[in-house]
Amino acid sequence: MVDFAKIDYWAVILAALATMVLGFLWYSPVLFGKAWVKQMGKKMEDMSGGGALTYVLTALTALGGSFILALLVTLGGEATIGCGLGLGLLLGLAVSLKIGMNYLFEGRSPTLYLITVGYHIVSFLVSGLIIGAMQG
């Protein structure tokens, strides 16, 4: 049974912030931004980063994903770093496999797929690490 009292809401917030920071780095020239933009058929100067609403919605999706991960960690009994990492990996893989269906039907490149799902897998691992460590 889900126990909302076991959720560390500070961990959820920190995991959401880590997700956003990772996304900023992942899709910037520091990591995979150049390859990502090339695979999208655009140039870096064409990418605006979106407006305020984009960032608000991004924060909400990061919070939602972190909250669901924290809920799942409560189902596993005692929260540990290992539990958080394991559930983060499973969630990241599940999301990535489902995204793969879209990429197949949209005819997108395997490189673009790997950049996209790599971010989701790593962000769920980082979130799982944070939540497992703080919620335990």
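Predicted model: local features only at pLDDT ≥ 70, side-chain atom pairs only at ≥ 80, totals over all residues.

Residues are numbered from 1 along each chain as its sequence is written, and side-chain values use heavy atoms, with hydrogens and water left out.

**Stop 1: the cores.** Select I7, L69, A70, V73 and I131: these have the most contacts inside the largest nonpolar core, which has 14 residues. (A nonpolar core is a set of buried Ala, Val, Leu, Ile, Met, Phe, Trp, Tyr and Cys residues joined through side-chain atoms within 4.5 Å; buried means under 20% relative accessible area, exposed over 50%, and partly exposed in between, with a 1.4 Å probe and protein chains only.) At least two residues of this core come from each of α1 (9–26), α3 (52–75), α4 (81–106) and α5 (110–135), and α3 gives the most, with 4 residues. Helices here are DSSP runs of H or I, at least four residues long, numbered from the N terminus.

Now centre on I131. Leaving aside residues up to four places away in sequence, I131 touches A11, A15, S66, L69, A70, V73 and G136; contact means heavy atoms within 4.5 Å.

**Stop 2: the surface.** Show W10, I13, L14, L17, L53, V56, L57, L60, L63 and M134 as a surface: they form a nonpolar patch with about 970 Å² of accessible area together. (Nonpolar patches join Val, Leu, Ile, Met, Phe, Trp and Tyr side chains within 5 Å, from residues with over 30% relative accessible area and no salt bridge; areas come from the Shrake-Rupley method with a 1.4 Å probe.) The largest share, 5 residues, comes from α3. Pick out I13 in helix α1; I13 is partly exposed, at 37% relative accessible area.

**Stop 3: α4 and beyond.** Select C83, G84, G88, L91, G92, S96, I99, G100 and Y103, which are buried in α4. Their cover includes α3 and α5.

Which residue forms a salt bridge with E106? Select R108: the closest N and O atoms of the pair are 2.7 Å apart. (A salt bridge is a side-chain nitrogen of Lys or Arg within 4 Å of a carboxyl oxygen of Asp or Glu.) A search of the whole structure finds 1 salt bridge.

Methods: Patch = residues over 30% accessible without salt bridge, like charges linked within 9 Å, V, L, I, M, F, W, Y side chains within 5 Å.
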